[in-house]
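Subject: Structure for you to look at

Hello,

Please find the structure below, with the sequence. My notes on what was found in it follow.

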Amino acid sequence: MKIIRSLAAIVLASAAVATTASAEERGYSALLCSVSASSNVVRTYLGLETGTPASAHAFCGAAPIVGADVNRIQATVFDRNHTDNLCCTMSVVTADSFAIATASRCTSDSTDSQLLTFIPPVNVAGSVHLQCTIPGLDFMGGVSRIATYRVRSTP
Amino acid sequence: MIATDGALKMRRWLVPAVTAVTVGVLAWAFLPQRRVAQRVAAPPEMLVQEVQALRGEVGRLRAEGQPKVYILPTTPAGEPVATAPAENAPSEQPPERTPEQRQKEAADAMEVKFESEPIDAAWSVKMVRDIRDAISSAAPATRVLQASCATSLCRVVLGHDAEDDQRGVATQVAAVKPFQEGVFYDYDHAPNALKTTLYVVRQGYSFRD
C-alpha cells in the first residue's frame, strides 16, 4: 500500500513539474509603466495612483519568450472613483509592431482590488502592451491605482 | 617358452575383449555425432569471435541497404546544390516553422472556427451594423470590405490605402464597444491591396472555448 502511495505521489509531482515547465507567468510592478501626464500621477510602493481629479494614462509593456503563445494578460487594479471606471486596453503585438490580439477591460464598480483579464486567441507574440486610463481622485478623495500586471505564456 | 593352462585360458578370454574395446573406441572416435559434440564444446572465445564477426557483417549489410537522405535546399536557379548524403539528418522531425507560419496557422484555425459556426441571425444583423458604424467613426481612413457574424465570432475584412493606416487600425478600434471583448487580427500585406481581417469575439464567449 505504501509503495502505491509513493508511486502516486511521484506521478503527481511529475505532472506538477511538467505543467510548471510548459507555462510561464511573469509579473511586473506598475511602477515600470510610463505615464502620459506625470503631474497627475503619484508613484508609491503600491503602484501608480492618480493624485489629482484629472485622469491619467499609463503605458505598460512586457516581453514574453520570443514567439510564445500569450494565453492570459491580467492587471490588478483599484478603482475607488464612484463615477468613472479604470480601463485597460491589452494588446499582443508581433515582433514587427502589428497588434495580433486586442481587448479592452474596465472595472465594474468602485471597490478594492479587481482583476482585469484578457484571454487572447492562439498567437505568436513579440511583446505585450497595456494602455490604462486611471480615473482621478473622486469627490470623496478615493485613490485609484494600477498595482501589478501579469503575462502568462506557453513557449 | 611353455604356457601354462591358466595362461592359455586367460589369452582366449583377452583377445575378444581387447578386440571389442578397440572397435568401440574407433567407432566412438569416428562417429559424426562425436564431431558435433566436439564443435559445441568448442571454447567460448571462439564462439564470441564468431558472433562478433556475424554482427559486424549484419551491420555492414544494413548500412548498405538503407536509403540515403539528400537535403535539397531551395536555392535560386543556377546556384550549385549540395548533394552530400545527410547521414545524421533527423529525417523524421518536420522542419521548425517560422513565427509567420505559426501565426498564419492560427489565422487559418480562426477562419475554420468561424466557418463552422451556425449563424445566430438576430445577434448577427445587429452586430454587423454596430461594427460598420464603429469602424466608420473610429477608423475613417479604413474601408469595410466585408462583415459577417456567426454565433460567437464576427469576421470583418478591412481595406487600407497606406501601411500606417493598417498598422494603426488595432489601436483605433480596440477600445470601441463592439471590439472590446476581443479581436484577432490577420494582416495581408499585399502591395496596393492592403487588407486586415478582424475576428471579433462575442461578449460572453472566449477565443479559446
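Among contacts in chain A between residues at least 6 apart in sequence, those joining residues at least 24 apart make up 72%. This is a predicted model, so please read everything here as computed from predicted coordinates. Chain A has 155 residues, and 42% of them are buried.

Confidence

The scores for the model are ipTM 0.84 and pTM 0.69. In chain B the average pLDDT is 78, and 66% of the residues score at least 70. Two stretches of chain B have a pLDDT below 50. One of them is residues 34-41, which has 2 contacts in the model beyond near neighbours in sequence. The other is residues 66-86, where the corresponding number of contacts is 14. Where pLDDT is low, the predicted coordinates should not be read in detail.

The contact between the chains

How many residues does each chain bring to the contact? Chain A gives 19 residues and chain B gives 20 residues. On the side of chain A that touches chain B, strand S7 (87-93) and strand S8 (99-106) each supply at least two residues. The largest share of that side, 6 residues, comes from S8(A). By type, the residues of this side of chain A are 12 nonpolar, 7 polar and no charged.

S8(A) also pairs with a strand of the other chain: S8(A) and strand S3 (residues 183-188) of chain B are antiparallel, with 2 bridges. Within this pairing, A:Thr102 stands opposite B:Val183, and A:Ala101 has B:Phe184 as its bridge partner.

The sheet that spans both chains

Which strands make up the open sheet, and in what order? There are 9 strands with antiparallel pairing, in the order S2(A)-S5(A)-S10(A)-S7(A)-S8(A)-S3(B)-S4(B)-S2(B)-S1(B). The edge strands are strand S2 (34-35) of chain A and strand S1 (143-149) of chain B, each of which pairs on one side only.

Two helices of chain B go with this sheet. Helix H6 (residues 163-173) of chain B packs on the sheet and touches strands of both chains, S7 and S8 of chain A together with S2, S3 and S4 of chain B. The direction of H6 makes about 10° with that of S4(B). Helix H5 (residues 121-138) of chain B lies across S1, strand S2 (153-160) and strand S4 (194-201) of chain B, and runs at about 160° to S1(B).

Another set of strands in chain A

Strand S3 (residues 41-44) and strand S4 (residues 47-50) of chain A pair in the antiparallel sense over 4 bridges. A hairpin of 2 residues joins S3(A) to S4(A), and A:Thr44 stands opposite A:Gly47 in S4(A). S4(A) is also joined by 2 bridges to strand S11 (residues 145-154) of chain A, again antiparallel. There A:Glu49 stands opposite A:Arg145.

The nonpolar core

The largest nonpolar core has 63 residues. Those with the most contacts inside this core are A:Ala58, A:Cys132, A:Ile146, B:Val183 and B:Val200. Not counting residues up to four places away in sequence, A:Ala58 touches A:Ala30, A:Cys33, A:Val35, A:Leu48, A:Cys132, A:Ile134 and A:Ile146. In soluble globular proteins, nonpolar side chains tend to be buried together.

Single residues

B:Arg102 is found in helix H4 (residues 99-116) of chain B. Is B:Arg102 exposed, partly exposed or buried? B:Arg102 counts as partly exposed because 16 other C-beta atoms lie within 10 Å. Leaving aside neighbours within four places in sequence, B:Arg102 is in contact with A:Val124 and B:Arg97.

Two residues other than glycine have a positive phi. A:Ser97, with a phi of about 70°, lies in the loop between S7 and S8 of chain A. A:Ser97 is exposed, since 10 other C-beta atoms lie within 10 Å. B:Asn192, with a phi near 65°, lies in the loop between S3 and S4 of chain B. B:Asn192 counts as exposed because 5 C-beta neighbours lie inside 10 Å.

Regards

Note on methods
Residues are numbered from 1 along each chain as its sequence is written. Chains are lettered from A and ligands numbered from 1 in the order in which they are written. This is a predicted model: local features need pLDDT of at least 70, side-chain atom pairs count only at pLDDT 80 or more; totals for chains, interfaces and linings use all residues. Two residues are in contact if their C-beta atoms, placed from the backbone, lie within 7 Å. Ala, Val, Leu, Ile, Met, Phe, Trp, Tyr, Cys and Pro count as nonpolar, Asp, Glu, Lys and Arg as charged, and the others, Gly among them, as polar. Two strands pair if DSSP finds at least two bridges between them. A nonpolar core is a set of buried Ala, Val, Leu, Ile, Met, Phe, Trp, Tyr and Cys residues joined through C-beta atoms within 7 Å. A residue is buried if 20 or more other C-beta atoms lie within 10 Å of its own, exposed if 12 or fewer, and partly exposed in between; C-beta atoms are placed from the backbone. pLDDT is the predictor's confidence in each residue, from 0 to 100. Axes are lines fitted to C-alpha atoms, for helices over the stretch in contact, and angles run from 0 to 180 degrees between N-to-C directions.
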